Amino acid sequence: MIENTGYARTRRTLSATARLLSALNLDGPLLVALGLLAIYGLVILYSASGQSVDTILRTLMRMALGAAAMLALTHAKPHFLRHLSPWLYAVGILLLFVVAATGVIDKGAQRWLNLGLFRFQPSEVMKIAVPMLAAWYLHDRGLPPDWKSLLVLAVIIFLPAGLVAMEPDLGTAALIAASGMLLVLMAGLSIRVVLVLLLLGAGGAVLGWNFMHDYQRERVLTFLNPQTDPLGAGYHIIQSQIAIGSGGVFGKGWMNGSQAQLDFLPERSTDFIFSVVGEEFGLIGLLALLALYLFIVGRSLWLAMQTNDTFSRLLALSLALTFFVYVFINTGMVSGLLPVVGVPLPLVSYGGTSVVTLLAGFGILMGLYSHRKLVGS
Amino acid sequence: MASPVRIKDRWNEQRLFSQRTLGAILVIAALVLTLVGRLIYLQVYRYNYYVALSVGNRVRLDPIPASRGLILDRHGTVLVDNEPAYQLELIREQVPNLNDTLQRLSALGLVEPDEIDETRRSIFARRSFDPVPVALRMTGPQIGRFAVHRFEFPGVDLATRQTRHYPYDELAVHALGYVSAISEEDLQHIDRAKYAGTALIGKLGVEAAYERLLHGKNGYREVLVNAMGRSVQRVGAYAPELGYQPPVAGDDLVLSLDLLTQQAAEEGLGDHSGAVVAIDPSDGDVLALASKPEFDPAQFARGMSPREYAALADDPDKPLLNRALRGEYPSGSTIKPTIALAALTYNVVDPYKTIYCTGIFRLPGSSVVWREGTTDGRHGEIDMQQAITRSCDVYFYGLASTLGVDRIDTFLAPFGYGRLTGIDISGEKPGVLPSPAWKKKFFKRPQDEVWFPGETVNLGIGQGYLLVTPLQLAHIAGVLAERGKSFRPRLLIGTRDADGRISRIPPVEDAGVQGVSNSSWDLVLQAMRRVTTCEDVPLFGETCGTGHAAFKGAAYQAAGKTGTAQVFTVARNQRLTQHVAERLRDHAWFIAFAPFDHPRIAVAVLVEHAGFGAEAAAPIARRVIDAYLLRQYAPSADPAAAPPKSIPKPKPTARPAAAHSTATPSSAPVRQEQP
């Protein structure tokens, strides 16, 4: 009897939770995974920041802001978002020009708008605005896109990406470009065209080399052979690999990573926090983190597949895949697979407005899912 | 109407999205597998490699310098020990701007401005993370000044180091040597790893000769450091067992020197330039090795400015010259006993046959005149013993001439003339035992290479080309005392390791002098004994030896020989006067050994520009022998007049206790002789 009562109560509670999530247009599994990731991130950030409570509080504030944005955006209906797309994109482009003109210069790059209370990175807006506009553009057109559409899409994608790259913020520019290009790819861009574009890209890379800033070239060169400059440009990569490698399977233990705690690992609470996980929690910790990320990506893809209008599906797929690109660029960078570009580990790295953008993105994704047109209705 | 198309599109779209999503999932899977593969490579396959790098990153070896060994005299009295001193150390990799830092240290008066270049060189000669001393032995005000400005000098810090302390200041400096900062040149021939943390290195004398024993083995401490190289104190898994290797103190050296004898020698020389060497003839132990003037070894350990060093190096009295080892002088009449032995051994003379000493010698068929060197001129009727005791030149002009240069050289060489004694400190000079072959080699012009018979005559009284060092003559006096047995002079007779165990080093006996009959030895040594006495000699009556005044009232029987080394060659037909300028006056020699029957000490005394040997040198020899045999000696020049002086105490120093941790003299099982 007692057990039955308890079981019944649990069932009632569960169904109550489900009802609440449903009312809020939230997806339970994705929300739980994001929550676990946030907690994991805070745990490692506490260690990486040198037990800085201040850092944790700031991150919690950003997460709260992001959660608010997420909750708000889940209620946005697809057609509202669709109609919002051109306006958001236009505002974003405008802000990028403003940054170029008046933005705050920090570490040699001009990325921020000072809004008094906090500094705001307009490039973050473009991470969502670009796939939104691309999806908006393709929504009324047949798929796969024809050549004319591709040209328009190229402008939509590369205008903001180019502006951000000139700030210069190569990492964000790559992510913006990736979000748009992934969308086009999902929209059915023929594989032949992809190959042609890859060739063109290679040519563009050669051209781009000539337009790169010295520090960007240095990053590429250092990536190709970090040992050439172990105390200069290669220092980050070498120390990061030492941190990960010396963590072994089980890690050195929380707050016991010598590379991180004794300052050998640069940018340990921001771009290189993945190395701290590797050093302190070992391979097991890294695999657990990757599993969380993969679950989030997988769940996001599943949610995207459930939507049934072109705009929603393209946007949702793009958001999910961009999130993966985000993860892969950062982890590939700190483990020495990719060059060092300033891409933070999503939802774990400290600082920036990316937490807000990312959670907003997941809010949109959940919203698109819950506002999907059910088949037959 | 559009509806069917839309529916078809929708199906197409659905299929397209499914295909593309599947493709994306495959790509994601491939990328994730690559990433996981990379992580396994880093964390499993290359785990050990990266662990080593990570440990290398955070662990630094801090050297702990070993305590330098003490130097003791033969009775265990500490002649050289260590005391704490503050020094300024710089770690290159922690200094943001080395040139600027050195300039500012110089502005604070901590580094001499003219030493900045040398300091910078020595900094770059060391590894970037080794602390390099930039200012040794800082004074109180300097420490205060630095403390105030300390925050302006990252990478520069005060450190306590042991430095060398010489309780008796300049005493025996030419035997003990000194230590000073490790120079670039030193770094060429030492193992840098073994000297990390060591500031001072032996430069001369015992300090240099036994550097390896004295230095000991530096230890190290593993220190946890952060990326900036600063040591950090943290407990955790990233700081597992930090290694610690304690230093092993250098061995203490037990020297043959006898403090009291050494002091007697140095006080005896007083302000004169000169040298005294005393040797135990039965084993080669150097009991005293003094060269005057001296210098303070402490200033080398402290560090000198180039100006200070120049003043020392350019001093006309040459305090840096070790006259005992490197001063080469004509032996003067001290050669006569050996010439007499040669004549007896080659049987070219009847020692009891008397000649009449007129004060003048002529080679047959030559008009050149050799005169008696001493001012009193003629000795009258003399035999060989009288000629030694009263130092008759004319007798030995004849002997040398009869012997010929070849036989003299053959006989004299085993005594040690013209060759290194082999003493265990470096810098010794061999002197010259001239021969026709030597002359051929030494001179360039053919007319100078010819050996003239007159040069053999000169050799008979130790003038001409013959040169000896005070050490050589002391050794030769020892060979005479031991009737031909020759022991290699040595300063080190034993070592005492960090645990207090003493290892004695056996003496080394060299070939020595062979083929001299006992009666010859008796005859010559008796003559030498009479040098120090006034006694009634059959046939000759009351005979006073040239050194008798100095040995009046001695409590033992001694044997000796005076000598006068000409500096300025007076024309042969002139008489020597007392009015020759100080620097051109002759050097005074005295060699002696005692007690006569069982010699325990052989001495050679050289006093530069002091004139006749008996007056200046013999009293010093008396004082040295008194000190060693009787454990007391007269502080004034007249041994009989003043009360005896007992073993002096070392000068008190500022430090509270002996700096050396492992050994104190009282605990050492070294024989302690009381006066």
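The buried residues of helix α18 of chain B pack against α15 (336-345), α17 (393-403), α19 (436-442) and α20 (453-459) of chain B. In α18(B), which spans residues 405-412, the buried positions are Val405(B), Ile408(B), Asp409(B), Phe411(B) and Leu412(B). A residue counts as buried if 20 or more other C-beta atoms, placed from the backbone, lie within 10 Å of its own; helices (H or I, at least four residues) and strands (E, at least two) are DSSP runs numbered from the N terminus. The model is predicted, with local features requiring pLDDT of at least 70 and side-chain atom pairs pLDDT 80 or more, whereas totals for chains, interfaces and linings use all residues. Residues are numbered from 1 along each chain as its sequence is written, and chains are lettered from A in the order in which they are written.

Chain B also contains an open sheet of 5 strands in the order β12-β11-β25-β24-β23, with antiparallel pairing; strands pair if DSSP finds at least two bridges between them. Strands β12 (286-292) and β23 (559-565) of chain B are at the edges and have a single partner strand each, so one side of each lacks a neighbour in the sheet. Neighbouring strands are turned by 5° against each other on average, direction ignored. Strand β11(B), residues 274-279, pairs with β12(B) in the antiparallel sense over 6 bridges, and Ala278(B) has Ala288(B) of β12(B) as its bridge partner. Helix α24(B), residues 618-630, lies across β11, β12, β23, β24 (587-594) and β25 (601-607) of chain B and runs at about 150° to β25(B). Axes are lines fitted to C-alpha atoms, for helices over the stretch in contact, and angles run from 0 to 180 degrees between N-to-C directions.

In chain A, helix α5 (residues 122-139) packs with α7(A) at an angle of about 15°, the axes being 9 Å apart. The two helices α5(A) and α7(A) are therefore roughly parallel (angles under 35 degrees). Residues making this contact include Met126(A), Val130(A) and Ala134(A) of α5(A) and Leu175(A), Ile176(A) and Leu183(A) of α7(A); residues are in contact if their C-beta atoms, placed from the backbone, lie within 7 Å.

The contact between the chains takes 43 residues from chain A and 35 residues from chain B. Elements giving two or more residues to the chain A side are α7 (170-186), α10 (235-247), α11 (258-261), α12 (273-306) and α13 (310-334) of chain A. The largest share, 9 residues, comes from α12(A).

Terms used:
Two residues are in contact if their C-beta atoms, placed from the backbone, lie within 7 Å. A residue is buried if 20 or more other C-beta atoms lie within 10 Å of its own, exposed if 12 or fewer, and partly exposed in between; C-beta atoms are placed from the backbone. Angles under 35 degrees count as roughly parallel, over 145 as roughly antiparallel, 65 to 115 as roughly perpendicular and the rest as oblique.
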